[in-house]
Amino acid sequence: MQIFFQQVINGLSLGSIYALLALGYTMVYGIIKLINFAHGDIYMLGAFWGYYVINVWHFNFILALLSAMLVCGLSGVIIEYLAYRPLRNSPRITALITAIGVSFLLENGMSYLFGSNARDFPQVVKQVNYNIGGVRISNIQLEILITSCVLMLILQLIIKRTKMGRAMRAVSVDNAAAELVGVDLNRTISFTFALGSAMAGAAGVMIGLYYNSIDPLMGLTPGIKAFVAAVVGGIGSVPGASLGGFLIGLLETFVQSIGLSAYKDAVVYVVLIVILLIRPMGIFGKNVKEKV
């Protein structure tokens with residue numbers, strides 16, 4: 001039982017990071033029906049920004065986290081404005097290919113500017129381990145889990161209780177009707193990208209703290225796993241994305257614990273295939289019929 005609870009703690013810590021990433025995917029898809037494959041690279045930018053401000057400006061964890069959220073939120077708005085907005089009325093495949101192109105641009109741009117070697121993330125938080133009933137929990141795991149849950153709660157409050165949140169929900173239902181009642185479509189979409197990218201930036205700083213290593217290609221695999229988490233939970237559903245992230249984190253951790261570390265990524269993709277075959281709308285997704 002001690003081993004089981006230890007893996008649950010590890011899985012929840014990792015899953016909370018996947019959940020933050022999945023939220024960006026699900027919000028953007030809910031608004032403009034776009035799978036933003038550059039989202040994982042925004043997470044990478046957040047990690048590098050945290051690395052920079054901690055090393056050069058000696059920021060603490062909270063300041064590094066907040067500044068990464070700000071920079072990544074702004075980056076998301078710029079990417080939406082330059083890459084996606086001109087293609088809003090184009091076929092979806094065009095926007096999808098553009099998202100893949102933006103992803104490659106960010107990855108290779110960072111590799112060119114800063115090198116492709118992995119860097120040790122500065123340990124701005126001194127690790128302290130607690131032993132509770134034979135289960136070891138570190139203060140870093142607790143900080144990651146608590147910070148992620150607080151950010152997810154704030155995001156839910158923004159969506160449910162603010163004017164911009166109501167605009168986001170209106171646009172996700174029918175953007176043309178939302179415009180007719182006075183919703184600023186461009187502003188709402190930009191705000192959605194800013195929110196999702198800010199969550200990714202926070203996840204980047206926390207994953208650097210968790211694994212102590214960052215590199216320009218670090219966003220590729222977690223980005224795909226977060227997309228799987230969004231699909232599992234029901235893409236377009238904020239609670240579903242959060243649940244999907246935790247489930248993927250737990251699954252990955254338990255696969256590693258039974259000695260199958262080499263297959264931890266493959267198992268996630270198998271789950272995606274199974275979900276698409278059995279319940280393609282996800283756990284919280286709705287089976288909506290579309291006119292053709």
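**Burial and packing of helices**

Tutor: In α9, the buried residues are Pro222, Gly223, Lys225, Ala226, Phe227, Val228, Ala229, Ala230, Val231, Val232 and Gly233. Buried means under 20% relative accessible area, exposed over 50%, and partly exposed in between, with a 1.4 Å probe and protein chains only. This is a predicted model, in which local features need pLDDT of at least 70, side-chain atom pairs count only at pLDDT 80 or more, and totals for chains, interfaces and linings use all residues. Residues are numbered from 1 along each chain as its sequence is written, and side-chain values use heavy atoms, leaving out hydrogens and water.

Student: How many of the residues of α9 are buried, and what covers them?

Tutor: Of its 14 residues, 11 are buried, and α9 is mostly covered. The cover includes α1, α2 (39-56), α10 (238-257) and α11 (264-278). Just after α9, Gly234 has a positive phi of about 115 degrees.

Student: At what angle do α1 and α8 pack?

Tutor: Angles run from 0 to 180 degrees between N-to-C directions; under 35 degrees counts as roughly parallel, over 145 as roughly antiparallel, 65 to 115 as roughly perpendicular and the rest as oblique. Helix α1 (residues 2-32) and helix α8 (residues 185-211) pack at about 160 degrees, their axes 9 Å apart. That angle is why α1 is roughly antiparallel to α8.

Student: Which classes of residue make up the contact of α1 with α8?

Tutor: Contact means heavy atoms within 4.5 Å. The contact of α1 with α8 has 18 nonpolar, 5 polar and no charged residues. Among them, Leu14 and Ile17 lie in α1, and Phe193 and Met199 in α8.

Technical notes
Helices (H or I, at least four residues) and strands (E, at least two) are DSSP runs, numbered from the N terminus. Ala, Val, Leu, Ile, Met, Phe, Trp, Tyr, Cys and Pro count as nonpolar, Asp, Glu, Lys and Arg as charged, and the others, Gly among them, as polar.
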